[in-house]
Amino acid sequence: MKKEMLTDHYKRFGPRHLFSLVFMLMLILPTVLSLFGIASPAGPTKPHTKAPSIEWRALLAPEYYQAWGNYVDAHVGMSKVLVKAKRWMDYRVFNMTDVREVYVGREGWMYPRAAVEQSRIGACDEKMRLRRMIFDLTALAHLAKLSGRRLIFTVAPDKTTIYPEYMGVFPRDPNCRETIYDLFLNECALAKVDWFVRLDDLLIKAKRADRLLYEKTDAVWNQRGADIAAKALLAAVFKSDGRTPVKHHDLAALVMETTTDTLEPAAATDRQFTSAVLYGGMAMTELMPMLSRPFNRTDAIYSDTIPSSNHMEKLSTYDVAMIVLDVPQLARLRLDLDRICQMLGIESLADQENSIPLKTVSGQSHLSLKMEKEKLKVKSLGEGASFVLPSLPGSEPHTLRLLALDMSAPNGDTLLWRIDGPSAIAGEKPIHKGENRLYIALPVQPSVRLHIYPGRQTGLYYILSANLLEYANGLSLVSMPETDTYKVPQPGQPGNIGIIEAAAPLPRLATADDAAMPVVRLHDLEGMRVFQRNGSTADIVVSGTFQGHPQAIEARVSNHATKEWITPWTVIDSAPVDGVFMGILPEVPQGGWYRLSVRFSDAHKIEDAGQSKWGIGMLVACIGQSNMKEWFHSGADLKPHSLLSLHRDGRWMAMGDKGNGAVAFGNRLIGKLGIPVGLLDYAVNGSGLRKEADWGAGYWGDRSDDAIYDRFVKAVAGAGGSLEYVVWMQGEADAARATISENQYRSALKRFIEQQVRQDIINGSGRRQLPFLMVGMVKRPVGKDAPHQSIRVAQYKVTEALQECYLSATSLDLENMGRQHLSPAAYTTLGLRVAQTVLYLLGEESYYRGPSVFAATLVDDTTIDVRISHRGGFDFTPQRAISGWEVIREGSKLPIAEVTRKDSTVIRIIMERSLDGPVTLRYLYGAMPDADRSVHDNSPIELPLEPIEIKVE
Amino acid sequence: MLFASTVFLLVFLPVAIVCYYTQRALLANRLRNGVLLVFSYLFYAYGAAEFVLILLASTTADYLLGLLIEKQRRHARWWVGISVLVNLGVLAYFKYANFMVAEVSHCLAALGFSPLGNWVAVSLPIGISFFTFQKLSYIIDIRRRQVNALTRFVDFALYVAMFPQLVAGPIVRFKDICAQLGKRLESWEQFYLGSMRFCWGLSKKVFIADACGQVADAAFGLDLALLDTKTAWLGAIAYTMQIYFDFSAYSDMAIGLARLFGFELRENFNRPYAAVSMTDFWRRWHISLSSWFRDYLYIPLGGNRKGSARTAFNLLLVFTLCGLWHGANWTFIAWGLYHGLFLGLERAAGIRNWHPTRWAFGRRLATFLLVVFGWVLFRSSSIGAAVMFMQAMVVPSDLPLSFEIFQAMNHRNIVFMLIAAIAVIGAPRLPKIERVLHTEGPLRSVVSAVMLLVILPYCAGTVLAGAGNPFIYFRF
């Protein structure tokens with residue numbers, strides 16, 4: 001056989017040898033190139049920049065291979081060349097592409113795939129929503145005009161609208177052939193609006209004159225297209241004052257002695273237009289240079305929400321607002337009428353303001369109304385509860401009427417409103433805890449019946465005032481037709497301009513006038529719900545319905561299992577009316593699980609008892625990214641305490657077996673405090689803090705609607721709005737970006753805590769501010785040291801800079817098996833550490849942090865003694881071969897011979913060579929420090945020595 | 001790990017080849033099976049790390065049982081029984097437990113009882129259907145004294161886990177490869193043929209199978225109410241092409257990869273759509289599976305030797321199990337029964353004994369259509385969906401082509417579907433790739449150059465762009 005092989009080996013070099021070698025070369029070349037550093041750099045959308053460390057223990061973990069796969073994908077040499085060549089061939093030879101966002105039409109014309117898909121989908125369902133939007137825009141444009149400003153609106157036509165001939169033939173929706181853009185144009189034409197600038201006609205006209213307005217390979221218009229649009233928009237804002245001499249910077253015009261127009265506001269106004277704000281999407285990019293010329297200041301905001309939630313711009317500081325939407329944005333546009341009206345101070349512009357007597361408001365369903373001094377008290381049973389205002393005069397041609405409603409809410413929630421009648425419309429508005437001023441533009445119809453659904457949650461609302469504002473010469477909008485049907489948007493669904501079902505009457509409640517048998521029905525609490533305690537008790541809102549004529553309604557709380565009374569029968573509503581009762585059962589002691597009962601005070605047998613288990617205890621929100629998510633999902637080593645409850649996706653549920661971190665944390669607290677603990681699971685995998693760290697999952701600094709932070713705040717509101725602690729475990733996504741500095745992360749985190757979390761969530765802890773418990777970012781086998789260290793240091797500094805912000809746990813000593821996430825056992829440890837912090841803050845423990853370094857001194861030229869101070873323990877381990885220490889001079893690590901325990905408070909570092917000057921000493925530094933034999937104290941939970949970086953001289 | 005992935009193509013495979021041939025040069029092939037075994041386990045761990053220990057444990061168990069069968073011939077039946085029980089038990093648990101629990105729950109619910117609760121769904125270890133059958137073939141062949149048990153654990157473990165065919169076949173029979181485990185020849189010719197066969201498979205997958213797959217996915221993804229006759233036929237034909245070109249591509253790649261390391265695997269396909277009967281189809285389609293069922297189930301059950309009724313029963317049973325082997329779903333069982341039924345009818349009508357050239361065109365067309373309907377059963381999510389799909393195929397209706405189909409029918413997909421159609425229609429007359437590669441001359445050089453310099457970079461680009469689809473048979 002050997003002879004055969006040798007013979008074969010030495011055979012004449014032929015084609016098969018050549019092709020075999022070429023085959024090998026083709027396979028090997030990319031890897032070899034990347035080994036020599038000639039690799040396609042990791043793209044900005046790939047967070048994995050460093051190879052995972054070799055870890056034998058991780059060989060049975062799928063994530064470990066995934067990490068390698070990601071690394072290889074990001075680092076293979078020639079990958080860009082190969083992909084580019086493949087895509088070139090697809091495009092040139094096959095007239096197609098595998099890129100999902102792009103559609104290739106005839107002759108290589110490219111279109112955004114979303115636009116192509118939208119161009120064939122009928123949008124007839126959107127008609128009423130668009131109508132409402134147009135009506136609101138009309139109202140806004142008029143109000144802007146009254147305040148001496150201008151509002152201009154346009155939609156940049158899709159490439160599919162201007163150049164459909166290259167798109168190919170697509171089947172259209174047979175039931176509705178009008179796209180959202182067609183519908184919008186039709187509705188604008190019907191309403192004869194003056195704030196809308198129609199561009200498609202202009203562009204098509206220019207196209208017929210052989211002008212290329214969209215490049216073959218671009219999604220939005222080119223400069224020529226933008227120029228046409230800009231001229232049309234400016235013409236709507238300004239009027240020409242005739243021909244005036246050319247300015248001296250236009251040399252060509254100077255030579256030709258041509259004249260140009262100067263720009264004056266188009267409408268009669270007493271102010272000059274010097275500043276403008278642009279809202280919209282991609283189409284704004286080319287427009288900006290042209291639109292900004294006439295103004296001293298122009299701001300462009302890429303947003304679907306006006307005003308933007310993130311930029312916090314003040315509309316009142318601008319003279320002109322231009323909205324330049326891309327077609328897909330038509331479906332997403334959200335006008336926050338309340339904020340806009342407040343910014344513009346529209347009350348002062350009203351020709352007339354009429355107060356609506358609140359006693360004329362009548363209840364409709366699931367609530368009771370009562371005048372208290374000047375206010376109207378609304379006891380609402382939550383979802384489905386509604387009241388109706390008296391008939392109001394609607395807007396008329398040339399008269400715009402707005403309702404301004406002042407109300408206070410017990411919590412953040414979503415208010416729905418609905419107007420019946422020929423122009424039946426509806427919408428929703430976010431409301432905040434405390435006082436809110438809401439504006440609703442009334443449609444064009446003789447009279448308007450406005451129904452208000454105050455919120456999803458049971459609670460006590462107050463209507464403080466209702467005023468009808470009247471503006472003359474405002475509308476050219478025709479009355480809306482009567483023939484459409486509508487759907488009721490559920491609270492929480494996006495879009496404040498949705499249409500709700502006119503004919504969806506809620507079940508009518510029995511009233512005291514009904515001659516039926518007297519009965520009381522409790523509106524039971526959600527099962528497994530934990531109410532945030534206030535001190536050691538909490539006030540519970542009790543509500544329900546009744547039939548009959550009770551003097552008062554009483555409620556009491558009993559133990560769910562033993563039926564023992566926890567509170568005596570207490571009157572919660574002394575004057576129930578309208579078949580609805582509501583009141584507060586005060587000072588229910590912390591504990592659980594409980595159940596609730598209600599009865600007539602004068603007929604004790606008329607009673608109802610709830611079935612749900614609920615309790616009063618501690619609510620802790622757990623937010624951050626995947627390591628916090630894994631805290632709820634990794635490991636099933638512990639059995640959760642029966643008093644541990646979980647709030648996830650807006651619902652309460654019993655804690656399952658999964659999630660070592662959450663279970664260890666909750667069990668420890670319940671074991672010590674004996675009260676129910678509710679954990680709010682709102683971490684989001686891969687989420688960043690800053691916008692640059694948004695890898696697709698969102699970022700916490702984003703305040704826009706339905707962003708991850710908004711969803712979290714809404715969930716907290718649903719759980720009562722108040723928390724005792726917030727636990728934060730995040731940072732990896734920002735570190736992966738590798739360009740976010742320590743300062744940037746620190747300021748973003750401070751802003752997040754101070755201006756978001758502590759503003760939007762009620763502090764239920766009884767401390768000065770809502771405690772924010774930070775978990776230091778974990779070790780990561782991918783990525784470089786510096787960005788990780790920056791994020792970690794920023795986190796530590798924020799805990800030092802802000803009151804009630806605590807470094808509740810460090811995690812660098814915990815095992816992560818070479819992957820992104822900690823091991824299940826590590827989550828248990830972490831849960832116990834964070835629980836220790838909570839118990840410390842409650843005075844149940846005397847310490848929560850591990851030992852820290854307070855000095856490092858040179859003993860001789862090869863020895864450094866590091867002095868540590870203990871908190872919970874008095875000694876530490878290991879005795880020898882301590883890992884995690886680095887001695888640095890001028891950026892280079894100096895070799896360490898040995899690190900040992902000298903005594904209970906001193907760690908001795910012996911260098912291999914003598915130190916000839918000052919050095920920097922650091923412990924547990926960077927992305928993946930060696931913490932296999934790191935220092936832990938001898939406290940019961942063996943807390944780790946905190947990371948440090950100090951100079952030794 | 002997928003063959004069509006960056007890690008496999010550009011890291012794993014070249015490193016495996018370099019290590020293998022380095023040991024060949026330095027250690028005179030003393031560790032070649034060991035090297036391949038290490039890479040095979042890495043290959044498996046990359047896709048299913050959590051199941052590596054199951055693979056190792058079951059391999060060890062069968063290795064020991066094989067030795068026991070050979071040493072204790074008197075108790076061989078017991079050892080074989082244990083092996084069959086353990087192997088099929090593990091397979092049944094991982095592959096069918098979820099299905100069984102769901103069906104039992106449905107039944108209980110229908111009878112008014114509360115359904116089974118707290119069942120945690122079991123994940124399917126990749127390739128379990130393939131390596132389980134390979135191990136069974138080893139045990140049974142030893143019992144039948146057709147081969148001797150392997151004494152070196154490494155050799156047996158490599159037979160079970162050899163990465164070219166580990167996760168999606170072909171199912172290698174032990175007697176076909178036992179000699180090669182100890183003695184095989186690596187040569188430039190083998191390497192060349194292997195590399196070309198691998199490229200051929202890769203190109204079939206990337207160009208043809210994925211193109212057909214996009215059209216099939218679009219058609220089968222449509223709301224059944226929007227399905228008309230032409231779309232249904234387009235989808236059914238596209239899936240028929242896809243499954244053949246996808247699976248045969250994988251087999252080509254497996255055969256090619258094995259050749260790179262000196263192994264010669266048996267062909268798994270022989271132009272199945274040129275079959276003139278269902279019996280003929282099963283001689284050409286997934287040959288390694290059909291011959292396994294024939295040799296280890298059909299013939300031991302009595303085959304056709306015990307009368308017509310028993311033969312029909314045997315056929316139905318074997319093909320029901322064959323369907324079930326593909327997955328835990330009623331559609332697979334129905335697909336198996338469907339084939340079993342037509343095989344029985346052919347046998348009863350004596351069509352299988354006809355000369356292949358007799359009414360060849362009509363028979364080929366009829367067989368093809370029957371196979372197409374069979375694939376509709378196979379591809380559909382439920383029996384009901386399959387029936388509605390078939391109804392759309394046979395009851396004429398005409399609706400505008402859906403947008404999804406329009407999108408899938410881009411130039412590239414149309415071109416490659418046409419190529420696929422030509423390949424299928426002209427199958428008997430077109431030369432096989434093996435013949436082209438074995439024939440010295442300019443054609444071979446041109447084919448090789450195109451495959452290496454055009455197709456391979458294009459396929460690598462597709463893989464790197466993440467634009468490929470996984471192989472269909474990975475899920476079985």
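In this predicted model, α2(A) and α19(B) are roughly parallel to each other, because their axes cross at roughly 5° and angles under 35 degrees count as roughly parallel. The two axes come within 11 Å; axes are lines fitted to C-alpha atoms, for helices over the stretch in contact, with angles running from 0 to 180 degrees between N-to-C directions. Helices (H or I, at least four residues) and strands (E, at least two) are DSSP runs, numbered from the N terminus.

**Basis of the model**
- Residues are numbered from 1 along each chain as its sequence is written, while chains are lettered from A and ligands numbered from 1 in the order in which they are written.
- Because the model is predicted, local features need pLDDT of at least 70 and side-chain atom pairs count only at pLDDT 80 or more, whereas totals for chains, interfaces and linings use all residues.

**Contact between the chains**
- The α2(A)–α19(B) contact (C-beta atoms, placed from the backbone, within 7 Å) is made by A:Pro15, A:Phe19, A:Val22, A:Phe23 and A:Met26 on one helix and by B:Ser445, B:Ser448, B:Leu452 and B:Leu456 on the other.
- By class, this helix pair brings together seven nonpolar, two polar and no charged residues, where Ala, Val, Leu, Ile, Met, Phe, Trp, Tyr, Cys and Pro count as nonpolar, Asp, Glu, Lys and Arg as charged, and the others, Gly among them, as polar.
- The contact between the chains as a whole takes 41 residues from chain B and 41 residues from chain A, and the largest share of the chain B side, 10 residues, comes from α19(B).
- That side of chain B divides into 28 nonpolar, 10 polar and three charged residues.

**Helix α3 of chain A**
- Buried residues (20 or more other C-beta atoms within 10 Å of their own) in α3(A) include A:Tyr64, A:Tyr65, A:Tyr71 and A:Val72.
- What covers the buried residues of α3(A) includes α2 (15-35) of chain A together with α1 (6-27) and α2 (32-48) of chain B.

Terms used. A residue is buried if 20 or more other C-beta atoms lie within 10 Å of its own, exposed if 12 or fewer, and partly exposed in between; C-beta atoms are placed from the backbone. Two residues are in contact if their C-beta atoms, placed from the backbone, lie within 7 Å. Angles under 35 degrees count as roughly parallel, over 145 as roughly antiparallel, 65 to 115 as roughly perpendicular and the rest as oblique.
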